[in-house]
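Biologist: Hello! Could we go through this model together, one question at a time?

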Amino acid sequence: METALRSSDPGRTLRALVQDLAREGIAKGQIYELLEKFVLRLRTQPDYRETEEEAVLDVMDALNGWCHPSAQLMPDERVP
């Protein structure tokens, strides 16, 4: 995930990573938990950047459906 944040378009790269994980059979809830733990880890880094946290939080919102319907990730599966 850290590599995704260093890309030229972190949001798009993180979304692609989430889709790859889903194709591998990882459940939406598990992906959400991974992202949640990642955000917590980001906040403790000495080189913390709010923009990186925002990119991850945007993807988490897309998993929860807290976005425009066309931007949702895995809309057929609920986050427990």
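Modeller: Gladly! Helices (H or I, at least four residues) and strands (E, at least two) are DSSP runs, numbered from the N terminus. This is a predicted model, where local features need pLDDT of at least 70, side-chain atom pairs count only at pLDDT 80 or more, and totals for chains, interfaces and linings use all residues. Residues are numbered from 1 along each chain as its sequence is written, and side-chain values use heavy atoms, with hydrogens and water left out.

Biologist: Is Glu53 buried or exposed?

Modeller: Glu53 sits in helix α4, residues 50-64. Buried means under 20% relative accessible area, exposed over 50%, and partly exposed in between (1.4 Å probe, protein chains only). With a relative accessible area of 8%, Glu53 is therefore buried.

Biologist: And is Thr51 buried or exposed?

Modeller: Thr51 also has its place in helix α4. Its relative accessible area is 61%, so Thr51 is exposed.

Biologist: Which residues does Glu53 touch, not counting those up to four places away in sequence?

Modeller: Contact here means heavy atoms within 4.5 Å. With residues up to four places away in sequence not counted, Glu53 touches Val39, Leu42, Arg43 and Tyr48.

Biologist: Are α3 and α4 roughly parallel or roughly antiparallel to each other?

Modeller: Axes are lines fitted to C-alpha atoms, for helices over the stretch in contact, and angles run from 0 to 180 degrees between N-to-C directions. Angles under 35 degrees count as roughly parallel, over 145 as roughly antiparallel, 65 to 115 as roughly perpendicular and the rest as oblique. For α3 and α4 the packing angle is about 160°, with axes 10 Å apart. The two helices, α3 and α4, are therefore roughly antiparallel.
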